[in-house]
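Subject: Handover of a structure and the findings on it

Dear colleague,

Please find below the structure that I am handing over to you. My findings follow it, and I would be grateful if you read them with the structure open.

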Amino acid sequence: MNSPVVLAPMAGVTNVAFRTLCRELEQQRTGTVSGLYVCEMITARALVERNEKTLHMTAFGPTEDVRSMQLYAVDPEYTYRAARMIAEENMADHLDLNFGCAVPKITRRGGGAAIPYKRKLFGSIINAAVKGVEGTGIPVTAKFRIGIDDEHRTHLDAGRIAVAEGASAVTLHARTAAQRYSGTADFDAIRELVAHLDGTGVPVLGNGDIFAARDARTMMDATGCHGVVVGRGCLGRPWLFAALGAELRGEPLPAEPTLGEVTRIILRHAELLSDHLGEQHACRDIRKHMGWYMRGFPVGGKARAELTKIASLDDLRAKLAPYEGSVERAHDADAPRGRQGSPAPVHLPDGWLDDPEDGATVLDGGDAFHSGG
């Protein structure tokens, strides 16, 4: 990478169409592609069992020269088998492990953000992935949160264990699982982790509240982290990565697109989705992006509602046509977007907090979710 910017995996968003669009816009706006664009979360067990939907989600585009895949796993056996499959079948060039998901259906079965509390289990999963890709040069990285809640903070132990088990980099989403997406990212926690891993040669990336190019610079300057991972900030703004890369390279920032330019970006997104999913499914999928794309633009409520009902690409073109010549730019484009919500207790399996050194996993379905979330 020429700039330390990574697209965070987001269920239902970071499929091959969105990643391709981000790369195209970065190339068009800055003349280079420097970011790392990670696919939706892939469930290890579903991959090993060759679930049709999961295999379709592992598709990468012809322009993706670094194929980055995130794996969700809850036990070492399926982690190893999935990593070995990825390596032997040349499915990816980089493997990230998800230990940050705070969705109740995940944590209540001992997955996602629940795992780092179980130090032995956490280390075993990372070790299994590293062994699975051994000899291939595929780097394994790990993403985790500060901890389950303020009383159970694990980020320093998680960083130390990840390094010991062979992780090439770690990402800290600087919130606890209990915070979910509420509040603000804790720069102190990122700074602590950077200091904790100083001298190991393993980079620390920061995640949380990157909504504008200046936010990346602020986080890196304040914490000493080596890069940023961007999630919600790019919803409806796939051009954000061009600005982030330019900012961190010290180059002039590309201008925010006009409404007319955004209509063309939406059409391109829908066309790429159609290539990946078929037109009917693509038109259903693009609907959820409309509110994000149109945020801050002078588009009335009736038109916005119509854009969430499109039935075909021709229908989409017709509904966007009145705006294709607009030179309006979004107001407050850099404001926070996406999920926020409120803090909530983390749902965990019975007795999960009793022994942090317990290496057991929950095998009653904790690894049986569909990929992507």
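This is a predicted model: local features need pLDDT of at least 70, side-chain atom pairs count only at pLDDT 80 or more; totals for chains, interfaces and linings use all residues.

**The annotated domain**

The unreviewed UniProt entry carries the annotation "domain: DUS-like FMN-binding", which covers residues 7-317. Over residues 7-317, 47% of the chain is helix and 14% is strand.

**The annotated binding site**

Under "binding site", the unreviewed UniProt entry lists Pro9, Met10, Ala11, Gln70, Lys143, His173, Gly231 and Arg232. Of these residues, Pro9, Met10, Ala11, Gln70, Lys143, His173, Gly231 and Arg232 are included in the lining of the largest pocket.

Gln70 belongs to strand E3 (residues 68-72). Is Gln70 buried or exposed? Its relative accessibility is 2%, so Gln70 counts as buried. Leaving aside neighbours within four places in sequence, Gln70 is in contact with Pro9 and Lys143, among others. Its contacts also include Val38, Cys39, Glu40, Met41 and Ile42, as well as Asp96, Leu97 and Asn98.

**A buried histidine**

His276 is part of helix H11 (residues 259-277). With a relative accessibility of 14%, His276 counts as buried because this value is under 20%. Residues up to four places away in sequence not counted, His276 touches Asn15, Val16, His56 and Ala59.

**The cavity**

How many cavities of 30 Å³ or more does the structure hold? There is one. The largest cavity has a volume of about 60 Å³. Its lining is formed by Gly236, Arg237, Trp239, Glu256, Pro257, Trp292, Tyr293, Arg295, Phe297, Ala330, Ala333 and Arg337. By class, seven of the lining residues are nonpolar, one is polar and four are charged.

Where does the largest cavity lie? It lies between domain 1 (5-249) and domain 2 (259-323), because both domains give residues to its lining.

Yours sincerely,

A colleague

Conventions: Residues are numbered from 1 along each chain as its sequence is written. Side-chain values use heavy atoms; hydrogens and water are left out. UniProt positions are given in the numbering used here, feature names are shortened, and annotations may be inferred rather than shown by experiment. Helices (H or I, at least four residues) and strands (E, at least two) are DSSP runs, numbered from the N terminus. Buried means under 20% relative accessible area, exposed over 50%, partly exposed in between (1.4 Å probe, protein chains only). Contact means heavy atoms within 4.5 Å. On a 1 Å grid over the protein atoms alone, a cavity is a set of points where a 1.4 Å probe fits but cannot get out, and a pocket is an open set with protein on both sides within 12 Å along at least five of seven lines; lining residues have an atom within 4 Å of a point. Grid points are joined across faces, edges and corners, and a volume is the space filled by probe spheres set on the points. Ala, Val, Leu, Ile, Met, Phe, Trp, Tyr, Cys and Pro count as nonpolar, Asp, Glu, Lys and Arg as charged, and the others, Gly among them, as polar. Domain bounds come from an automatic or database domain assignment.
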